[in-house]
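Subject: Handover of a protein structure

Dear colleague,

I am writing to pass a protein structure on to you. Please look at the sequence and the model first, and then read the notes that follow.

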Amino acid sequence: MALKDLQNGSDIRGIAIETDKQEVTLTDERVGKIAIGFAAWLRDVKGAKEHASVAIGHDSRLSATRIKTALTAGLTEAGIDVVDVGLATTPAMFMATQYEDYQCDAAIMITASHLPYFYNGLKLFTRDGGAEHEDIDFIMANVDKVHVASATGKVINKPLLEVYAADLVSKIRNGIDDRADFEKPLAGSHIVVDAGNGAGGFFATEVLAKLGADITGSQFLDPDGRFPNHIPNPDNNEAMASLRGAVMSNKADLGVIFDTDVDRAAIVDRDGESLNRNPLIAVISAIVLEEYPGTTIVTDSTTSTHLEKFIEGLGGKQHRFKRGYRNVINEAIRLNEAGTPSEIAIEVSGHAALKENYFLDDGAYLIAKILMRYAKLRKDGKDLADLTRDLKVPADNDEVRLSILASNFKEYGLEVLEDFKAFVAKTDDLELEPVNKEGVRVNTSGALGNGWFLLRMSLHEPVMPVNLESDDVGGVEKMKVMLQDFFGQYAEIDSSSLQK
């Protein structure tokens, strides 16, 4: 594997622990080279001076210390000072470039999000925000650009998570502004947290408990990079079922779940209903639209047609864009610069970035924002579910992944998409969605039932995902049969998943 192959969009990811089936690709040598490229990027692109400061933090992964050591060695040799903040979250690392007591020139988070324990990776920030794809391109192209510094950088240890937690507590208190009990505005609420043994356990003990909430029943708060209980992923059915069980068995008012590095989150309400994916977008959209009437909600391409109608019913606008958290964030920023107000960018997976919070995809801030509204709803005898009563739920939905077997999978997949457009144009009960930014989105009717599906190319893999949704029981299966007939003519596409 070439060093460049470790690039994953605007992140860096690889195998960090050897297994029976996996060799280590994120080696000490490669991490050291990435440190050299990162130093060159800070110096040549971002204009940082010698002895710039870089904060380094990590989630609970077992390989974190090894990678941090290699990074620190490479950066200090290049004359960069390192602030070792220890256990942290991805959004907290960005804040290390903003907080007055840190003011780092850049930050590196060692994480691979929800991937299995043997993976690890790097997410990179400067004061301007997260690194873009082209920034990683530059870093990978300059890994041999060794800079001989006048002096070796120094290393200091300075915990960050407690400062970040205190900041969240302050923001929630001010957001609720409970004059009867400003310090503990969540007193009387029972909220359980499932951190999945990632870095998010602090939210229960250092945020919710400090705000007066009962956190009894919270689970998997201790960092454990083996992730022994379930995948730390709010978009995973097993993880959501685990949180649901904790909420119901403890008779809690609310349940909160984070991914490993806390840039994503989801909720389970007191009735055990999951507020993730489209319902989560609906909840935060309702909150944002109350504060910013008429604003545009930027989402990824896979959101429900019902969500669009829900947002429009609240007086807002939905702008569906490409998958990828950097894509939706950058699109929201672009819209604002072009004169179209947009207060939030959010993916179905749970990545949510609010304009008021640096357009940073921050799961903890998302929950903080929701809790501000939740506390006021409780005073009126209501719950979060009351915000989404008008969101229609489809009768059936699914997501399948079609593997592309061709070696030139991107070119082949794009040709298939063009063929599919022609197929849709001449097929009854199928109609192309006129406003669509990614893949081929199709509305169905008649014999196929009332619904829609989206066929697109994966961002990085030789895969064509298909998202399907129908208001009719059995409608999704009818769509799959139709798709099987189409893909049957393509020997280089494995469509067997449509038959499951």
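We may begin with a contact between two parts of the protein: 20 residues of domain 2 touch 17 residues of domain 3. Please keep in mind throughout that this is a predicted model.

The protein consists of domain 1 (3-158), domain 2 (161-271), domain 3 (277-366 + 377-393) and domain 4 (396-498). You will see that domain 3 is written as two stretches, 277-366 and 377-393.

The interface of domain 2 and domain 3

Between their centres, taken over C-alpha atoms, domain 2 and domain 3 are 21 Å apart. Together they bury about 1500 Å², and carbon and sulfur atoms account for 49% of that area.

In total, 3 salt bridges are found across the interface of domain 2 and domain 3. There are also 9 residue pairs in polar contact between the two domains.

Which elements give two or more residues to the side of domain 2 that touches domain 3? These are helix H5 (161-176), strand E10 (254-258) and strand E11 (265-269). The greatest share comes from E11, which gives 4 residues. Sorted by class, this side of domain 2 holds 10 nonpolar, 8 charged and 2 polar residues.

The sheet that contains E11

E10 and E11 also belong to an open sheet of 4 strands, whose order is E9-E10-E11-E12 and whose pairing is mixed. At its edges lie strand E9 (191-194) and strand E12 (274-275), each of which pairs on one side only. E11 and E12 run antiparallel and are joined by 2 bridges. Within this pairing, Ile-267 has Leu-275 of E12 as its bridge partner.

A second open sheet

Another open sheet has 5 strands in the order E14-E13-E15-E16-E17, again with mixed pairing. Which strands form its edges? They are strand E14 (317-320) and strand E17 (360-361), each pairing on one side only. Inside the order, strand E15 (residues 344-346) pairs with strand E16 (residues 352-354) in the antiparallel sense, over 3 bridges. Here Ile-344 stands opposite Leu-354 in E16.

The pairings of E18

Finally, please find strand E18 (residues 396-404), which runs antiparallel to strand E22 (residues 463-470) and is joined to it by 8 bridges. In that pairing, Leu-402 has Met-464 of E22 as its bridge partner. E18 also runs antiparallel to strand E23 (residues 493-494), with 2 bridges between them. In this second pairing, Ile-404 stands opposite Ile-493 in E23.

Yours sincerely,

A colleague

Definitions and conventions: Residues numbered from 1 in each chain as written. Predicted model: local features only at pLDDT ≥ 70, side-chain atom pairs only at ≥ 80, totals over all residues. Heavy atoms only, no water. Domains from an automatic or database assignment. Contact = heavy atoms within 4.5 Å. Buried area = accessible area lost by both parts, 1.4 Å probe. Salt bridge = Lys/Arg side-chain N within 4 Å of Asp/Glu carboxyl O. Polar contact = N/O pair within 3.5 Å; in protein donor to acceptor, adjacent residues only side chain to side chain. Nonpolar A, V, L, I, M, F, W, Y, C, P; charged D, E, K, R; others polar. Pairing = 2+ DSSP bridges.
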